[in-house]
Amino acid sequence: MVFKRRDKLPWWKATLQFLWPKSGWSRAFQYVKHRVRRLPDPPHRIARGIFAGVFVTFSPFFGLHFFLAAGLAWIMRGNIVASLLATFVGNPLTFLAIGASSLQTGYFLLGIRNVPEFEEHGTLGAKFVDAGRDLKDNIWAIFTDAHVDWTRLEIFYDEVFFPYMVGGIIPGLISGFVAYYLSLPVIQAYQNRRKGRIKAKLDAFKEKAAEKKAKSKAKDSGV
C-alpha cells in the first residue's frame, strides 16, 4: 500500500499520537488557521463554513462530522473546505467538554432532573461499549439463530444519544455564532492585507516595466 506505514505502531503509541500529535496541537491549530485564511472565497462564505463545522462538532454523530459539516455548509452557501477544517474544534482535548455541555443541556431541556438514576445501567463509557456490543451481536444474529435483543442499545439511545443530540443544538449554535463573528473580521483583514501586498507588487512591476520601456525609447532616440 502506498500510504501504509512500513513500521506499524503499537496500539498504545497510535492512541497516544491520536491524543497528542507528534507536532503538537498548537502546530496543528496554526496549520488549520493558515489554511482557512488562505481559502479563495469571500470572507462571509468562509465564516459560514466555519459556523457549520463548529456547530456539527456538538452532534453525537461521530464519524459523520465531515459529511454533516459539508452538507450544512452547502445548504448555507458557505465554504465546504472551511467547514471540514472547522471540525478540528472537535478533538480529543475538547470532546469531553463538548459532550458534558451537550448532555447536561439535553437533560435540562428534556426535563430529566435526576440524572444519577441513569447510573444503574452503568457509566457513560460502559453504555457506549454496551451499545456497540448490542449492535455487533444483533448484526451477527441476522446470519445465525441467536436471539435479537436491543435493550442495551435502547438504553444508550434514551440516556445518552437523544439527550446529546437535543442538548448539542444550543451550545453548538452559540459556539458556531461565536466562531462566525470572530473569524469574519480576521479573514476580511487578512484578505485585504493580502490584496494590498499583491497590488503593491503589481504596481512595482508595472513601474519597473515602464522605466525599462522609457530607457529603451531613450536609447533608440539617441541612436
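Trainee: What should I keep in mind about the model before we start?

Mentor: The model is predicted, so local features need pLDDT of at least 70 and side-chain atom pairs count only at pLDDT 80 or more, while totals for chains, interfaces and linings use all residues. Residues are numbered from 1 along each chain as its sequence is written, and side-chain values use heavy atoms, with hydrogens and water left out.

Trainee: Why is His65 called buried?

Mentor: Buried means under 20% relative accessible area, exposed over 50%, and partly exposed in between, with a 1.4 Å probe and protein chains only. His65 has a relative accessible area of 9%, and is therefore buried.

Trainee: What makes Phe55 partly exposed?

Mentor: Phe55 has a relative accessibility of 23%, and so it counts as partly exposed. Phe55 is placed in helix 3, where a helix is a DSSP run of H or I with at least four residues, numbered from the N terminus.

Trainee: Which residues does Phe55 touch, not counting those up to four places away in sequence?

Mentor: Taking contact as heavy atoms within 4.5 Å, Phe55 touches Leu72, Ile169, Gly172 and Leu173. Phe55 and Ile169 are 114 residues apart in sequence, yet 7.7 Å apart in space, C-alpha to C-alpha.

Trainee: Why are the buried residues of helix 4 said to be on the same side?

Mentor: The buried residues are His65, Ala69, Ala70 and Ala73. They cover an arc of only 130° around the axis, which puts them on the same side of helix 4; the arc is that of the directions from the helix axis to the C-beta atoms. On the other side, Phe67, Trp74 and Ile75 are exposed.

Trainee: How is the packing of helix 3 and helix 4 described?

Mentor: The axes of helix 3 (residues 43-56) and helix 4 (residues 65-75) come within 8 Å and cross at roughly 140°. Those axes are lines fitted to C-alpha atoms over the stretch in contact, and angles run from 0 to 180 degrees between N-to-C directions.

Trainee: What kinds of residue make up the contact of helix 3 with helix 4?

Mentor: Gly49, Ala52, Gly53, Phe55 and Val56 in helix 3 meet His65, Leu68, Ala69, Leu72 and Ala73 in helix 4. The residues of this contact divide into seven nonpolar, three polar and no charged, where Ala, Val, Leu, Ile, Met, Phe, Trp, Tyr, Cys and Pro count as nonpolar, Asp, Glu, Lys and Arg as charged, and the others, Gly among them, as polar.

How values were computed:
Helices (H or I, at least four residues) and strands (E, at least two) are DSSP runs, numbered from the N terminus.
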